[in-house]
Amino acid sequence: MSRAWRKWGFTLAPVMGLGLLAGSSAAEDPFVIAQRDISFTPRAVTIKVGDQVTFRNEDPFGHNVYSPSMNGVFDIGLQDPGTETPVTFTAPGEFIIQCRIHPKMRAKVLVEP
């Protein structure tokens, strides 16, 4: 990952193309934000610097997850159904998460020192 990405407080891992794990859900893992029913679930998570949040698409169509936050901008691109993309947050702050395809989708990642 380039230094420019780290400067903004996160690193972005590639889309892994993993299928969903049976019996696993965002409610069981606080560091997973699922895209389900055209919304983010949960809508907010609090993590520590260095923690990773996995964005998991559980909808039958694509989403484009990104953050326009002043603390760090990222865009994971089109995320196909059944895929996961981990993002590591390396700086404290509040990160607003949105979907470019579905503008009403919003979540928040609060990163504590």
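Modeller: Contact means that heavy atoms lie within 4.5 Å. By that rule L78 touches G62, H63, N64 and I101, with residues up to four places away in sequence not counted. The model is predicted: local features need pLDDT of at least 70, side-chain atom pairs count only at pLDDT 80 or more, and totals for chains, interfaces and linings use all residues. Residues are numbered from 1 along each chain as its sequence is written, and side-chain values use heavy atoms, with hydrogens and water left out.

Colleague: Is L78 buried or exposed, and how do you know?

Modeller: Buried means under 20% relative accessible area, exposed means over 50%, and partly exposed is in between (1.4 Å probe, protein chains only). L78 has 55% relative accessibility, so L78 counts as exposed. L78 is found in strand β7; strands (E, at least two residues) and helices (H or I, at least four) are DSSP runs, numbered from the N terminus.

Colleague: What label does T54 get, and why?

Modeller: The relative accessible area of T54 is 15%, so T54 is called buried. T54 sits in strand β5. Leaving aside neighbours within four places in sequence, the contacts of T54 are F31, V32, I33, E84, T85 and P86.

Colleague: What makes a set of residues a nonpolar core?

Modeller: The set must consist of buried Ala, Val, Leu, Ile, Met, Phe, Trp, Tyr and Cys residues, joined through side-chain atoms within 4.5 Å. The largest such core has 18 residues, and F40, V53, F55, F89, I97 and V109 touch the most other members. Elements giving two or more residues to this core include β5 (52–57), β8 (84–89) and β10 (106–112). Not counting residues up to four places away in sequence, V53 touches residues including F31, V45, F89 and V109.

Colleague: Why is the pair R56 and E84 called a salt bridge?

Modeller: A salt bridge is a side-chain nitrogen of Lys or Arg within 4 Å of a carboxyl oxygen of Asp or Glu. For R56 and E84 the N to O distance is 2.7 Å, so the pair meets the definition. The pair links distant parts of the chain, with R56 in strand β5 and E84 in strand β8, 28 residues apart. R56 has a relative accessible area of 5%, so R56 is buried. E84, at 11%, counts as buried.

Colleague: Which other residues are linked with R56 and E84 in a network of salt bridges?

Modeller: R36 and E58 are linked with them in that network. The side chains of R56 and E58 meet at 3.7 Å, N to O. E58 has a relative accessible area of 23%, so E58 is partly exposed.

Colleague: How many salt bridges does the structure hold?

Modeller: The structure holds six. One of the salt bridges joins the side chains of K48 and E112 (3.5 Å, N to O). K48 is in strand β4 and E112 in strand β10, 64 residues apart. K48 has 43% relative accessibility, so K48 counts as partly exposed. E112, at 32%, counts as partly exposed.

Colleague: What makes β4 and β7 edge strands?

Modeller: Two strands pair if DSSP finds at least two bridges between them. Five strands form an open sheet in the order β4-β10-β9-β6-β7, with mixed pairing. β4 and β7 each pair on one side only. Six bridges join β9 to β10, and these strands run antiparallel. The bridge partner of F95 in β10 is V109.
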